[in-house]
Amino acid sequence: MSATTKIAVHSLSDLKNTTDDALPNYLHSLKFKQVHKQTDIRLALGYTAVIIAGALFYFDWKFGWEKSKPYTAPAVIAYFLLNTAFSYWLWFVESGTVYEGEGKTGKIRIATWTKKHIPVYECDVFFTPAPTESNPPQKIRIRTPFTRWFTADGYFIAKPFQQWLASEVPVIGAADPNNVVEEIGRGSETERVLNVTGNNAIDILEQLKASGAKAAPGSGRRRKA
Amino acid sequence: MQPRQLATQILNFALVLSTAFMLWKGLSVATDSPSPIVVVLSGSMEPAFQRGDLLFLWNRGMNTSVGEVVVYNVKGKDIPIVHRVVRRHGGGKSPLRLLTKGDNNAADDTELYATGQSFLNRKEDVIGSVVGYIPFVGYVTILLSEYPWLKQAMLGIMGLMVVLQRE
C-alpha cells in the first residue's frame with residue numbers, strides 16, 4: 001500500500017500530493033465508500049461553462065459575427081456566472097477537500113493544505129460518527145510534519161500515516177482499532193521493529209550488566225554498615 | 001488515473017482556452033465590434049502607427065468624422081486594414097459612406113476596395129475606430145502569423161503545462 005515511487009523530499013507539492021493520494025487508498029481499505037458529490041457538482045459547473053463557450057465558438061465560426069451577435073451577450077454572461085460559481089465552489093465549498101466518504105463507523109470529509117515552504121500536513125476533518133442520523137457533525141483540525149511518514153530519501157511509509165489518522169480521527173480509529181496508538185509519535189511500526197534488532201538487545205544487556213555492577217558495591221555497603 | 005482526476009485536468013485546460021475566448025467575446029459585445037483589438041500589419045500609417053502596434057477599437061456611435069482612424073474589412077479579403085478617414089458622404093438617413101487613405105500612402109484606398117466599390121459603407125465594412133494603442137506588443141502575433149508552427153508550439157506548451165501541473 002505504501003507508494004513505491006520516490007519523491008523529491010524538498011518539493012512540498014510532491015509531499016502533499018503523495019499523501020493526498022494515499023488517503024483514499026487507506027480509507028478504502030477500511031471499507032469506506034467515496035462520495036463524489038462535490039467533485040461532480042464542480043465538474044458539471046465547469047463543463048457546462050465550457051460547452052457554452054464551445055457552442056458560441058462553433059456558431060461564430062460557422063455563421064459569423066452578425067448572425068451570432070444576439071446570442072453573444074447572453075452566452076458571455078452565462079459563461080462568467082458559471083465560471084464564478086465554479087470558482088466559488090472550488091475555493092469556498094470544496095476548499096481543499098481530497099476525500100469525502102462514508103463507512104460503517106461514520107461519515108468523513110477531509111480537506112488538506114500546506115502553508116508555503118512549511119513541510120507540515122494540515123488537515124480539516126469533518127466527521128459524523130455512526131449512527132449519522134443522531135450524532136452531530138464534528139470538525140477537528142490536525143497537523144503533523146511530513147517527516148512522520150516520509151523517509152529521508154523520499155519514500156512514503158503507509159503505517160505511521162495510518163496510525164496518525166487512526167489515532168487522531170475517531171471515525172477512522174473506530175474502523176481501524178489496530179492502528180490506534182496511545183502516544184502520538186511513539187507507536188510507529190518502524191520504531192517497534194528497531195527495538196528488537198540485535199544491536200538493541202546487546203545495548204540492553206550492557207545496561208543490565210552495568211546496573212548489576214553498581215548494585216554489587218551497594219549491597220556491599222549495606223553489609224558493611 | 002481516476003476518471004474524475006482526468007476530467008478535472010481536461011476541464012482546467014478547457015477553462016483556460018474558453019475563458020480567453022469568452023473574454024474576447026465579452027470585449028466584442030462591449031465595443032460592438034467583431035474584432036475589438038487588432039494589430040497593425042503594414043507600415044501604411046507611419047508615423048502614426050508602426051507595424052506591430054496593438055490597437056483598441058470602439059464601434060458604438062456610427063457618426064465617424066474625417067480625421068478618425070478606422071479599421072475596415074474589404075469584402076472577400078479577410079485582413080483588416082487600418083487607415084484614416086479623409087472624406088465622408090451621406091450620414092443621417094442615407095447610409096454614411098467613407099473614403100480612407102493611409103497616412104504613408106501616396107493615393108487614397110479606392111484601389112484597395114472591392115471591385116466596383118469606391119467608398120466604404122460605415123455600417124457594413126468598418127469594424128471600429130481606433131481609441132487607443134500600445135506600441136509594439138502586437139509584434140508577437142505578426143511572428144505567429146508569419147511562422148505558423150510557432151502557434152502550434154505555443155498551444156502545445158500551454159496544454160502540456162496545464163496537464164502536467166498540479167496546483
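What follows is a short chat about the two chains, in a model that is predicted.

Colleague: Which residues of chain A does UniProt place under the feature "transmembrane region"?

Modeller: One span is 100% helix and 0% strand, with its end C-alpha atoms 27 Å apart. The other span is also 100% helix and 0% strand, and its end C-alpha atoms are 30 Å apart. The label itself comes from an unreviewed UniProt entry, which puts the feature at residues 41-59 and 71-91 of chain A.

Colleague: And in chain B, how much of residues 126-143 is helix and how much is strand?

Modeller: UniProt, again in an unreviewed entry, gives residues 126-143 of chain B the feature "transmembrane region". The end C-alpha atoms of this span lie 26 Å apart. As for its make-up, the span is 28% helix and 50% strand.

Colleague: Back to chain A: how are helix 1 and helix 3 oriented to each other?

Modeller: Helix 1 covers residues 12-29 and helix 3 covers residues 158-168, and their axes come within 11 Å. Those axes cross at roughly 70°. That angle is why helix 1 of chain A counts, relative to helix 3 of chain A, as roughly perpendicular.

Colleague: Which residues of helix 3 of chain A take part when helix 1 meets it?

Modeller: By class, this contact between helix 1 and helix 3 of chain A has five nonpolar, two polar and no charged residues. From helix 1 come A:Thr19, A:Ala22 and A:Tyr26. On the helix 3 side they meet A:Ala158, A:Phe161, A:Gln162 and A:Leu165.

Colleague: Is A:Ile118 buried or exposed?

Modeller: A:Ile118 is found in the loop between strand 3 (106-113) and strand 4 (120-129) of chain A. A:Phe146, 28 residues apart from A:Ile118 in sequence, is 9.7 Å apart from it in space, C-alpha to C-alpha. Still, A:Ile118 has 11 C-beta neighbours inside 10 Å, and 12 or fewer is the cut-off, so A:Ile118 counts as exposed.

Colleague: Now chain B. What radius of gyration does chain B have?

Modeller: The C-alpha trace of chain B spans about 65 × 35 × 30 Å along its principal axes. A compact globule of 167 residues would have a radius of gyration near 15 Å, but chain B has 20 Å.

Colleague: What share of the 167 residues of chain B count as buried?

Modeller: Among the contacts in chain B with a separation of 6 or more, 60% are between residues 24 or more positions apart. Burial is a separate tally, and of the 167 residues of chain B the buried share is 27%.

Notes:
Residues numbered from 1 in each chain as written. Chains lettered and ligands numbered in written order. Predicted model: local features only at pLDDT ≥ 70, side-chain atom pairs only at ≥ 80, totals over all residues. UniProt positions renumbered as here; feature names shortened; annotations may be inferred. Helix = DSSP H or I, 4+ residues; strand = E, 2+ residues; numbered from the N terminus. Axes fitted to C-alpha atoms, helices over the stretch in contact; angles between N-to-C directions. Parallel < 35°, antiparallel > 145°, perpendicular 65-115°, else oblique. Contact = placed C-beta atoms within 7 Å. Nonpolar A, V, L, I, M, F, W, Y, C, P; charged D, E, K, R; others polar. Rg over C-alpha atoms; globule rule 2.2 N^0.38 Å. Buried ≥ 20, exposed ≤ 12 C-beta atoms within 10 Å, placed from the backbone.
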